[in-house]
Amino acid sequence: MAVSFDFERAWLAKLSACLDEAAGEETRQQVMTGSECLSDQSDRAAVHDWTQQAMERLESLVDEETAQRVMTGCACQHPKQGLQAARRAYEETGDLIAAHHILQTQFEAFLRDSLELEEGHIETVVDRGWGLAGILAGNRILATKIPKSGHLADYLNEADPEKRRQSYCHCPRVRDILRTGGSLPVTYCYCGAGFYKGIWEEIVQAPVEVQVLKSVLTGDEVCTIAVGLPVASR
């Protein structure tokens with residue numbers, strides 16, 4: 001009998017491993033206190049309360065850079081096979097523009113073929129610079145997260161900005177917390193920033209830096225991450 005995937009347990013395991021690597025066993029034990037009984041079956045309020053307290057403990061125990069390194073390591077990752085065309089283009093030319101163009105083309109095909117968005121919605125997403133590729137300026141990417149795929153059409157049709165914020169994030173904890181009026185430290189958003197970090201580190205085969213510029217957790221309508229790349233386009 002197949003074992004069903006438990007998102008909470010999987011994410012908590014990543015957080016624990018990242019804490020061990022970046023901050024050490026003692027810090028890991030303190031931050032993870034109380035997580036042992038959490039799972040997808042747990043009361044959502046209990047998950048939210050623990051997550052907020054864990055982020056507060058993390059921020060109190062390590063410096064900002066270490067906290068961000070822990071959280072970027074917890075990110076969901078884009079499949080590497082989907083990045084190989086962009087990686088090869090960069091390896092062959094050293095040109096970020098070429099790699100970025102491939103990512104953007106793939107993203108627009110995803111909107112059209114997989115999500116089956118109307119052309120007007122596709123134009124809106126592209127015009128706003130949302131999605132996988134972001135906006136390239138020199139050696140910097142400004143990546144604005146696309147609203148969660150399953151909610152995208154509803155998001156674009158929703159007039160109420162608060163309801164848009166509540167449906168925007170890919171993370172179920174953030175969506176639930178915003179719907180119930182709760183909050184989380186913005187440090188948590190470095191988990192989402194790690195998604196873009198992973199993309200560009202695979203493409204350029206070098207470390208990149210990420211910075212959260214906007215977050216729905218701080219009242220913004222979107223989440224925007226700056227990705228600092230190691231070289232400028234030719």
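**Pockets and packing in a predicted model**

Helix α4, which covers residues 64-72, gives the most, with four residues. Along with α4, α11 and β3 each supply at least two residues of that lining. As for volume, the second largest pocket comes to about 220 Å³.

Now to the largest pocket. Its volume is about 750 Å³. There are 33 lining residues, and the closest to the pocket centre are C76, K145, H170, G192 and F195. Which element gives the most to the lining of the largest pocket? That is α11, with four residues. By class, the lining of the largest pocket divides into 21 nonpolar, eight polar and four charged residues.

Let's stay with α11 and look at a helix it meets. Two packed helices are described by the angle between their axes and the distance between the axes. Here the partner is α5, residues 84-93, while α11 spans residues 190-204; their axes come within 7 Å and cross at roughly 45°. That angle makes α5 oblique to α11. On the α5 side the residues in contact are Q84, A86, R87 and Y90, and on the α11 side they are E202, I203 and V204. Sorted by class, the residues of this contact are four nonpolar, one polar and two charged.

One last stop, for those of you who like aromatic rings. How many aromatic pairs does the model have? The count comes to four. Let me show you one of them, W11 with Y188: the ring centres are 5.8 Å apart and the planes stand at 45°, so this pair is tilted. The pair links distant parts of the chain, since W11 sits in helix α1 and Y188 in the loop between α10 and α11, 177 residues apart.

How values were computed:
Residues numbered from 1 in each chain as written. Predicted model: local features only at pLDDT ≥ 70, side-chain atom pairs only at ≥ 80, totals over all residues. Heavy atoms only, no water. Axes fitted to C-alpha atoms, helices over the stretch in contact; angles between N-to-C directions. Parallel < 35°, antiparallel > 145°, perpendicular 65-115°, else oblique. Contact = heavy atoms within 4.5 Å. Nonpolar A, V, L, I, M, F, W, Y, C, P; charged D, E, K, R; others polar. 1 Å grid on protein atoms, 1.4 Å probe; cavity = no way out; pocket = protein on both sides within 12 Å on 5 of 7 lines; lining within 4 Å. Points joined across faces, edges and corners; volume = space filled by probe spheres on them. Phe/Tyr/Trp six-rings, centres within 6.5 Å; stacked < 30°, edge-to-face > 60°.
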